[in-house]
Amino acid sequence: MEPATSSLFKMAPEIKEYMKKYSIPGVEGWIVEEIVKRKIVDEIFLVDDRDAVATANRLCREEGLFTGMSGGANVFIALQVAEKMKPGQQVVTILPDNRYRYFASEHFTT
């Protein structure tokens with residue numbers, strides 16, 4: 001899962017070269033290329049920020065899970081994957097963040 005606005009797997013070639021030129025750790029292309037080469041990733045999902053935030057808000061409101069945008073994005077995709085699964089199959093996801101660091105961001109203010 002990646003944010004649609006800043007995908008590393010689907011970024012334009014000119015952005016990869018910029019990242020490589022300035023040696024931004026983890027983003028300069030070699031990690032992404034290594035992941036692709038080793039076939040670790042079966043599928044890449046891009047998630048719109050609005051969907052990630054809406055799902056994070058829903059998780060907080062309905063389930064009491066104090067997750068941030070990454071957790072919201074993961075659950076958003078997990079729900080889509082679950083809809084395509086057969087009875088008896090399971091999907092697992094991780095909520096890797098919390099909302100504390102987002103308190104001042106516009107996504108989480110009222």
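The buried residues of helix α4 are covered by elements that include β2 (46–47) and α3 (49–63). This is a predicted model. The chain has four helices and two strands. Along the sequence they follow the pattern β-α-α-β-α-α. The points below start with the whole chain, then take α4, α3 and the pairing of these helices.

**Whole chain**

- The chain has 110 residues, and 25% of them are buried.
- Its accessible surface comes to about 8000 Å². Carbon and sulfur atoms hold 54% of that surface.
- Consider the contacts in the chain with a separation of 6 or more: 59% of them are between residues 24 or more positions apart.

**Helix α4**

- Helix α4 spans residues 69–83, which is 15 residues.
- From its first C-alpha to its last, α4 reaches 21 Å. That is close to the 21 Å expected at 1.5 Å a residue.
- The buried residues of α4 are Met69, Gly71, Gly72, Ala73, Asn74, Val75, Ile77 and Ala78.
- Asn74 lies in this helix. Its relative accessible area is 16%, so Asn74 counts as buried. The cut-off for buried is under 20%.
- Asn74 and Leu95 are 21 residues apart along the chain. Their C-alpha atoms are separated by 7.0 Å.

**Helix α3**

- Helix α3 has 15 residues and reaches 20 Å from its first C-alpha to its last.
- Ala52, Val53, Thr55, Ala56 and Leu59 are buried in α3. They lie on the same side of the helix, because they cover an arc of only 165° around its axis.
- An α-helix has 3.6 residues a turn, so residues three or four places apart point the same way.
- On the other side of α3, Arg50 and Arg61 are exposed.
- Cover for the buried residues of α3 includes β2 and α4.
- Gly64 follows α3. Its phi is positive, near 75°.

**Cys60 in α3**

- Cys60 is found in helix α3.
- Is Cys60 buried or partly exposed? Its relative accessibility is 25%, so Cys60 counts as partly exposed.
- Leaving aside residues up to four places away in sequence, Cys60 touches Leu65, Phe66 and Arg99.
- Cys60 and Gly72 are 12 residues apart along the chain. The separation between their C-alpha atoms is 9.6 Å.

**How α3 and α4 pack**

- The axes of α3 and α4 come within 7 Å and cross at roughly 95°. So α3 is roughly perpendicular to α4.
- From α3, the residues in contact are Asp49, Asp51, Ala52, Val53, Thr55, Ala56, Arg58 and Leu59.
- From α4, the residues they meet are Met69, Gly71, Gly72, Ala73, Val75, Phe76 and Leu79.
- Ala52, Val53, Thr55, Ala56 and Leu59 are buried in α3, and these residues are also among those that meet α4.
- In α4, Met69, Gly71, Gly72, Ala73 and Val75 are among the buried residues, and they are among those that meet α3.
- Cover runs both ways: α3 is part of what covers the buried residues of α4, and α4 is part of what covers those of α3.

Terms used. Residues are numbered from 1 along each chain as its sequence is written. This is a predicted model: local features need pLDDT of at least 70, side-chain atom pairs count only at pLDDT 80 or more; totals for chains, interfaces and linings use all residues. Side-chain values use heavy atoms; hydrogens and water are left out. The expected span of a helix is 1.5 Å times one less than its number of residues. Buried means under 20% relative accessible area, exposed over 50%, partly exposed in between (1.4 Å probe, protein chains only). Contact means heavy atoms within 4.5 Å. Accessible areas come from the Shrake-Rupley method with a 1.4 Å probe; for residues, only the protein chains shown count as cover. The arc is that of the directions from the helix axis to the C-beta atoms. Axes are lines fitted to C-alpha atoms, for helices over the stretch in contact, and angles run from 0 to 180 degrees between N-to-C directions. Angles under 35 degrees count as roughly parallel, over 145 as roughly antiparallel, 65 to 115 as roughly perpendicular and the rest as oblique.
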